[in-house]
Amino acid sequence: MNNHRQKLIYLVGFMGTGKSSVGTLLAQQMGWPFVDLDTIIEAGQGASIREIFERAGEAFFRQLEHAALVEVSKKEPAVIALGGGTFAQKSNFDLIRQTRGVTIWLDCPLEELWQRCSTMDNRPLFRDRKSFSRLYEQRLPLYRQAEFRIATGARSPEEIVQEIIRLGLF
Ligand code: S3P
């Protein structure tokens with residue numbers, strides 16, 4: 001791949017796709033630092049994502065998310081797990097394009113995502129089946145604009161990481 005790319009890999013995808021677990025493993029394999037955008041935001045606020053949404057609302061969360069993205073994008077190399085909504089915000093999309101990093105969409109079927117998210121409690125935008133599906137459908141065209149797509153489904157993080165490594169990105 002051309003060598004004026006920044007050594008930044010952004011993992012894109014809906015909530016529950018496994019961006020954090022895949023990102024952790026991928027970073028280990030590449031010997032690069034791993035950055036989880038949600039974790040950075042939580043650490044900066046001293047509050048969970050759910051608490052930030054409850055106290056200050058989604059619009060404020062999106063401001064924090066953008067500011068965090070600007071910061072983490074300054075340091076390469078890094079594997080960066082985005083939040084499910086990050087890539088769907090135009091300002092973030094544009095910023096990521098400008099960094100000349102690589103974007104990889106972890107594409108997981110809706111049903112599998114629903115099952116996974118049902119067992120977790122820190123997702124304020126996980127409400128009911130209808131709004132979950134609607135959000136997923138709204139975001140699909142945006143996720144599709146990532147440079148690479150990896151079908152995840154029921155595959156293990158190890159298998160997914162191997163497929164990413166096989167892309168021979170860096
Ligand atoms: C969000 C997904 C979450 C988190 C926040 C908003 C979204 O990240 O950033 O709850 O808009 O889909 P995960 O994709 O890691 O769950």
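The dialogue below takes the cysteines, then a helix pair.

Tutor: This is a predicted model, where local features need pLDDT of at least 70, side-chain atom pairs count only at pLDDT 80 or more, and totals for chains, interfaces and linings use all residues. Residues are numbered from 1 along each chain as its sequence is written, and side-chain values use heavy atoms, with hydrogens and water left out.

Student: How many disulfides does the structure hold?

Tutor: A disulfide is a covalent bond between the sulfur atoms of two cysteines. The cut-off is a pair of cysteine sulfur atoms within 2.5 Å. Here there are zero. Cys 108 is in none, and its nearest cysteine sulfur belongs to Cys 117, 9.0 Å away.

Student: Is Cys 117 buried or exposed?

Tutor: Buried means under 20% relative accessible area, exposed over 50%, partly exposed in between (1.4 Å probe, protein chains only). Cys 117 is buried, at 1%. Cys 108 is buried too, with a relative accessible area of 1%.

Student: At what angle do H5 and H6 pack?

Tutor: Helices are DSSP runs (H or I, at least four residues), numbered from the N terminus. Axes are lines fitted to C-alpha atoms over the stretch in contact, and angles run from 0 to 180 degrees between N-to-C directions. H5 (residues 110-118) and H6 (residues 129-143) pack at about 130°, axes 11 Å apart.

Student: Which residues make the contact?

Tutor: Contact means heavy atoms within 4.5 Å. H5 gives Leu 110, Glu 111, Leu 113, Trp 114 and Cys 117; H6 gives Arg 129, Phe 132, Ser 133 and Tyr 136.

Terms used
Helices (H or I, at least four residues) and strands (E, at least two) are DSSP runs, numbered from the N terminus.
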